Structures are given as C-alpha cells and as structure tokens.
Amino acid sequence: MKNNVILKKDVIIKIKEFNAWYDKKQALKNINIDFKRNKISAIIGPSGCGKSTLLRSINRMNDEIPNYRTSGEILYEEKNIYDKDLDLTIYRKKVGMVFQKPVPFPMSIYENVAFGLKIHGIKNKNKIDEIVERSLKQAALWDEVKDELHKSANALSGGQQQRLVIARAIAVDPEVILLDEPTSALDPIATQRIERLLEELVEKYTIIIVTHNLSQAIRISDYLYFMYQGDLIESGLTSDIIKSPKNQLTEDYLNGRIG
Ligand SMILES: Nc1ncnc2c1ncn2[C@@H]1O[C@H](COP(=O)(O)OP(=O)(O)OP(=O)(O)O)[C@@H](O)[C@H]1O
C-alpha cells in the first residue's frame with residue numbers, strides 16, 4: 001500500500017565541498033554543512049572569516065560581484081542552486097534574506113509587505129489584505145501599525161523597520177529565512193524583540209543567522225557553525241559546543257581570546 005504521507009527531509013539546505021573566491025582571495029574553503037529544517041542555525045566567527053559570504057552564497061547574492069566565483073554545490077531540497085536552469089526569482093521566494101540594516105522600500109507599511117505578492121502575481125485585493133495582516137502579525141508588528149498601514153515605512157523605528165522587513169520576507173511564504181546581522185543596528189530592547197520573534201518563527205520556518213554577537217547566538221540557536229579564515233572549524237548542537245568545544249580555536253573564540 002502506498003503511504004500518502006510525504007515526509008520532508010530533515011536537511012533543507014546542504015552545502016557540499018563549497019569554495020568561494022573574490023578574484024584571487026579565497027573566502028570560503030571546502031565548506032560542508034547540513035542545515036536542518038525548522039531549526040535556528042547560527043554562523044559565528046571573527047570579522048572577515050567568511051560568514052556573510054557563506055550566507056550570501058546561499059541566496060546567490062554575490063552573483064553580480066565581478067570576479068566572484070565558486071565551486072562545489074549548495075543544494076536546496078536536493079537541487080543545486082548554482083545550476084544554470086535554476087529560476088532565481090522562485091528560489092528567492094523560498095529562501096528569503098534579511099539584511100543588517102533594515103531597508104524598507106520608500107512606500108507605505110502596507111505596500112512594503114504587499115510588494116513581493118504582486119511580483120509573484122497575486123492580484124486579489126482581499127487576498128493581499130489577508131496576507132499583509134497575517135505577515136505583520138507573525139512578525140509581531142501588527143498591533144503597533146494596524147491603524148496606520150498607509151503611513152510611510154520610513155516613519156517606523158529601526159526595530160519596527162526590521163520587523164517590517166521580516167514581515168515582507170514572510171509574506172511570500174518562504175521555507176528558509178537568512179538573516180545577516182539583523183540586530184546589529186538595534187538597541188537592546190529591539191534586539192530582544194527580534195530574538196523572541198525568531199524563536200517563534202522557527203516553528204514554521206528554517207532560520208539561518210549570521211551574528212557577531214556570540215551571546216545572541218548562544219541564546220537563540222539550536223546549531224552553531226564556527227568559522228575562521230574561510231574554514232568551518234566546528235559545528236554541532238549549540239549546547240554541546242558551549243559545554244565542550246572540540247577545537248582549540250573554537251574554545252579561544254568562545255572565551256573571547258579571538259576577536
Ligand atoms: N566584495 C568583496 N570583494 C573582495 N573581497 C571581499 C568582498 N566581500 C568580502 N571580501 C573578503 O572576503 C573575506 C570574507 O568576508 P565576509 O564579509 O564574508 O566575512 P564576515 O565573516 O562576514 O566578516 P564581518 O563579520 O566583518 O562582516 C574577507 O577577507 C573580505 O575582505
């Protein structure tokens with residue numbers, strides 16, 4: 001008898017023997033990672049170790065950089081995202097990205113969230129209203145903005161703008177949300193708000209975050225990936241790595257001996 005239940009694989013993004021170069025400078029060296037579905041994975045390491053390059057490579061954000069090249073594979077649901085036939089617009093709907101500085105589009109709060117829906121062909125006004133409301137609720141912003149949806153997004157605080165950008169990412173129904181230092185421009189209260197939000201969102205999405213902030217990574221992540229000079233030095237459950245790092249470099253980083 002056929003089993004009608006399709007079990008989704010535990011690994012959603014697989015990085016295989018991945019290398020990246022900016023011209024002659026090798027920024028990523030033979031990276032192998034299995035990112036797990038519905039978990040928070042934090043990529044950590046000192047400045048310049050390749051964290052952003054790795055994250056941006058997962059979203060093909062570096063494609064336009066002259067002399068940037070890669071080898072190896074990044075598989076999303078078992079398909080290599082560097083294959084020529086990949087539809088990047090559809091892929092980025094499934095794997096969204098949130099940057100360090102919140103950059104709302106110069107339009108209303110409502111339009112910011114509705115923007116991606118229109119690109120993906122959703123025209124029905126009621127449907128768009130419904131998704132805008134749901135996304136803002138999921139991003140924990142609805143209560144603060146529900147009476148001023150047509151106000152400019154630029155009038156929001158930095159923390160609200162970052163939640164708006166997260167709502168915009170959620171609206172197109174992604175599977176994975178990539179975040180590059182999403183709280184580094186925010187005050188401690190706004191930061192805490194985003195951290196709580198990520199802990200809620202992980203029930204529905206897979207979250208991969210790059211952060212400079214080690215205590216943040218320890219607070220919110222299920223898995224840690226410690227990078228150093230382009231190498232992935234150590235990875236595993238956050239609780240295990242914190243308790244007993246296997247590599248001396250990891251231990252030095254955790255103890256603040258590597259900046
Ligand atoms: N556009 C670029 N052109 C040339 N080299 C680059 C470019 N972007 C990054 N690099 C280099 O690649 C290496 C990795 O940079 P990357 O930004 O990925 O590190 P990072 O760990 O994210 O650093 P930070 O924590 O400071 O943001 C660094 O040596 C950096 O100088």
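By class, the shell around the ligand holds 4 nonpolar, 7 polar and 2 charged residues (nonpolar means Ala, Val, Leu, Ile, Met, Phe, Trp, Tyr, Cys and Pro; charged means Asp, Glu, Lys and Arg; the others, Gly among them, are polar). This is a predicted model: local features need pLDDT of at least 70, side-chain atom pairs count only at pLDDT 80 or more, and totals for chains, interfaces and linings use all residues. Residues are numbered from 1 along each chain as its sequence is written.

**The ligand shell**
- Tyr22, Ser47, Lys51, Ser52 and Thr53 come nearest, out of 13 residues around the ligand (a residue is near if its C-beta atom, placed from the backbone, lies within 6 Å).
- Strand S2 (25–36) and helix H1 (51–58) each supply at least two shell residues (helices, H or I, at least four residues, and strands, E, at least two, are DSSP runs numbered from the N terminus).
- H1 gives the largest share, 3 residues.

**Helices H6 and H7**
- The axes of H6 (residues 158–171) and H7 (residues 188–201) come within 9 Å and cross at roughly 20 degrees (axes are lines fitted to C-alpha atoms, for helices over the stretch in contact, and angles run from 0 to 180 degrees between N-to-C directions).
- So H6 and H7 are roughly parallel to each other (angles under 35 degrees).
- On the H6 side, Gly158, Gly159, Gln162, Arg163 and Ile166 make the contact, meeting Ala190, Arg193, Ile194 and Leu197 of H7 (in contact: C-beta atoms, placed from the backbone, within 7 Å).

**Ile44**
- Ile44 sits in strand S3 (residues 40–44).
- Ile44 is buried, because 27 other C-beta atoms lie within 10 Å (buried means 20 or more, with C-beta atoms placed from the backbone).

Note on methods. Parallel < 35°, antiparallel > 145°, perpendicular 65-115°, else oblique. Contact = placed C-beta atoms within 7 Å. Buried ≥ 20, exposed ≤ 12 C-beta atoms within 10 Å, placed from the backbone.
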